[in-house]
Amino acid sequence: MYARMSAWVRSAPGTHIWLLIIGVTSLVIAAASQGLETFLLHRNSSNIHELNKHPVQSLLISGFWIENPSSFLLYVVLFEIFHANVERWIGTLRWLVTVTVAHIVATLVSQEVVLLSIQEHALPRSMKHVVDIGVSYGLAAAAGLLVHRVPRPWRWPCLAGVVLFFAVPLLTGGTYTDFGHAIALAIGLACGPLARGRPPWDFAAGREHLRRACEPLRGRGTGVR
C-alpha cells in the first residue's frame, strides 16, 4: 500500500510539492490571529497594490495560498483530477510551463480589468487592495489542456461542458476573477500542441482493467455465510 502511494506521488512530483506548500500555508492561516491572517492574505496577494510594489513576488507567491483553509481537501481532489493527470501525461516541465503562464497572464489581465474599472469609476479605489490569491487559474488551465486527452468523439462534449462551466459566470455578471478563469482556460486549450504525440485516454482498456480488478470481488461474493 505504501509503495503504491509513494509511486503515485512520484509520478506527479510537481503537483504534490505544490499541494504540500498549500497545506503548510493553509495551516499558517488556520493558526493565525485574525489580524495576522488579514496581513498575510493581503501581503501575498497579486492585487494592483502588491503588483506595483513587488511584481515578481506577488505573482508567484499568490499561487501558493488559499483564502479558506477548510477547502484544502477539496483542492486535493481537484489537483489529483486535473494537475496530476496533466503532469503525468505531458511531463512535469510542460505542465509547469502551462499552469505558470496561465496563472501569470490571467492575473495580470484580470487586474488590468480592475484598474480600468477603477479609472472609469465602476469600482471603488479600495479594489487596488483586494485579496487576490489562489490556485484556480492554474486549475482552469489544466482543465483546458486535459480536454485534449479525451478521445474523439467524447472530446467535443467535454470541451462544451468545460467552456460552459467557466463562461456562464462570466456572461451573467461575472467578476474579474471569472474573467481570469476564462483567460486561463483559453491558455490551457491553446497549449494542446504541447501534448502532440501523447496518447489520449484508452477508455476500452480502462474498462477491461476495471473488469479484471473486480473479478476477485465477484468470486468472494459467491461464498455461503
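In helix 8, the residues that count as buried (under 20% relative accessible area, with exposed meaning over 50% and partly exposed in between, for a 1.4 Å probe and protein chains only) are Tyr 137, Gly 138, Leu 139, Ala 140, Ala 141, Ala 142, Ala 143, Gly 144, Leu 145 and Leu 146. The helix spans residues 136-146 and is mostly covered, with ten of its eleven residues buried. Helices here are DSSP runs of H or I with at least four residues, numbered from the N terminus. The buried residues of helix 8 pack against helix 6 (72-90), helix 7 (92-119), helix 9 (155-171) and helix 10 (176-190), where contact means heavy atoms within 4.5 Å.

This is a predicted model, in which local features need pLDDT of at least 70 and side-chain atom pairs count only at pLDDT 80 or more, while totals for chains, interfaces and linings use all residues. Residues are numbered from 1 along each chain as its sequence is written, and side-chain values use heavy atoms, leaving out hydrogens and water.

Trp 18 and Phe 64 form an edge-to-face pair, 6.4 Å centre to centre with 65° between the planes. Because Trp 18 lies in helix 2 (residues 13-31) and Phe 64 in the loop between helix 5 (55-61) and helix 6, the pair ties together parts that are 46 residues apart in sequence. Trp 18 is buried, at 12% relative accessible area, whereas Phe 64 is partly exposed at 28%. Together with Phe 79 and Trp 95, these two residues form one aromatic cluster.

Methods: Helix = DSSP H or I, 4+ residues; strand = E, 2+ residues; numbered from the N terminus. Phe/Tyr/Trp six-rings, centres within 6.5 Å; stacked < 30°, edge-to-face > 60°.
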